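Here is a friendly set of notes to read alongside the structure. Please keep the viewer open and look up each residue as you go.

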Amino acid sequence: MKPVELYTDGACSGNPGPGGWGAVLIWGDHRRELSGGERETTNNRMELLAVIRGIEALNRTCRVNIHTDSTYVMKGMTEWMAHWKRRGWRTAARKPVKNEDLWRQLDALLTDHHVKWRWVRGHSGVPENERADALAREAIPGR
């Protein structure tokens with residue numbers, strides 16, 4: 001099974017506002033950079049889309065280390081998801097889960113892969129995380 005490192009980041013100019021996402025995939029001697037943006041979005045949606053688009057770029061089952069500076073994304077997948085599902089996609093306060101569409105999409109995509117989540121402190125000098133951040137900022141529409 002191919003090991004892949006996936007570094008992701010999202011950015012928003014205003015929240016909500018125009019936003020961008022960036023992803024850096026590394027496997028062996030190969031590297032691929034992805035990015036995109038939306039005119040009206042939130043930072044959390046961009047953080048989720050960075051991971052989704054990175055995983056979608058994989059063409060076979062992989063061992064994936066996902067590096068993110070988003071505690072929202074990491075905790076959502078590792079701590080909150082199971083509870084949301086049991087409650088019918090409701091929070092502990094019985095409110096609808098925000099970004100449910102993207103959470104469901106990411107959950108479905110990850111079933112084919114062996115994933116480990118790695119939290120990275122943002123803007124701490126990790127080169128690939130800094131590159132994902134730059135890609136996200138560059139992809140913000142209107143910049």
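The numbered points below go through the sheet, the helices, the loops, the aromatic rings, the cores and the cysteines.

1. A word on the source. This is a predicted model, in which local features need pLDDT of at least 70 and side-chain atom pairs count only at pLDDT 80 or more, while totals for chains, interfaces and linings use all residues. Residues are numbered from 1 along each chain as its sequence is written, and side-chain values use heavy atoms, with hydrogens and water left out.

2. Start with the 5 strands, which form an open, mixed sheet in the order 3-2-1-4-5. Helices (H or I, at least four residues) and strands (E, at least two) are DSSP runs, numbered from the N terminus, and two strands pair if DSSP finds at least two bridges between them. Strand 3 (30-41) and strand 5 (114-119) are at the edges with a single partner strand each, so one side of each has no neighbour in the sheet. On average, neighbouring strands are turned by 20 degrees against each other, direction ignored. Axes here are lines fitted to C-alpha atoms, for helices over the stretch in contact, and angles run from 0 to 180 degrees between N-to-C directions.

3. Strand 1 and its partners. Strand 1 (residues 2-12) runs parallel to strand 4 (residues 62-68), and 7 bridges join the two. You can find Val4 opposite Val64 of strand 4, and Thr8 has Thr68 as its bridge partner there. With strand 2, strand 1 pairs in the antiparallel sense over 8 bridges; Gly20 in strand 2 is the bridge partner of Ala11. How many residues of strand 1 are buried? The count is 8 of the 11, so strand 1 is largely enclosed by the rest of the structure. Buried means under 20% relative accessible area, exposed over 50%, and partly exposed in between (1.4 Å probe, protein chains only).

4. The hairpin turn. The hairpin of strand 1 and strand 2 has 4 residues between the strands, and Gly14 takes a positive phi near 90 degrees in it. For background, most residues other than glycine have a negative phi, and most peptide bonds are trans.

5. Two residues in another loop. Arg94 is in the loop between helix 2 (71-86) and helix 3 (100-110), and Asn99 has its place in the loop between helix 2 and helix 3 as well. Arg94 has a positive phi near 70 degrees, and Asn99 has a positive phi of about 65 degrees. Are they buried or exposed? Arg94 counts as exposed at 56% relative accessibility, whereas Asn99 is buried at 14%.

6. A helix across the sheet. Helix 4 (residues 127-138) lies across strand 1, strand 2 (17-27) and strand 3, at about 145 degrees to strand 2. Contact means heavy atoms within 4.5 Å.

7. Aromatic rings. The structure holds 5 aromatic pairs. Rings of Phe, Tyr and Trp (its six-membered ring) pair if their centres lie within 6.5 Å; planes under 30 degrees apart count as stacked, over 60 as edge-to-face and the rest as tilted. Trp80 and Trp84 form a tilted pair, 5.9 Å centre to centre with 50 degrees between the planes. Both lie in helix 2, 4 residues apart, about one turn of the helix. Trp80 is partly exposed at 32%, but Trp84 is buried at 8%. Trp84 also forms a tilted pair with Trp89, at 6.2 Å and 35 degrees. Tyr72, Trp80, Trp84, Trp89 and Trp103 form one aromatic cluster.

8. The nonpolar cores. A nonpolar core is a set of buried Ala, Val, Leu, Ile, Met, Phe, Trp, Tyr and Cys residues joined through side-chain atoms within 4.5 Å. In the largest, of 30 residues, Ile55, Ile66, Trp103, Leu106 and Trp117 touch the most other members. Helix 1 gives the largest share of this core, 7 residues. A second, separate core of 5 residues includes Val24, Ile26, Ala132 and Leu135.

9. Cysteines. The structure holds 0 disulfides, where a disulfide is a pair of cysteine sulfur atoms within 2.5 Å. Cys12 counts as partly exposed at 21% relative accessibility, and Cys62 as buried at 1%.
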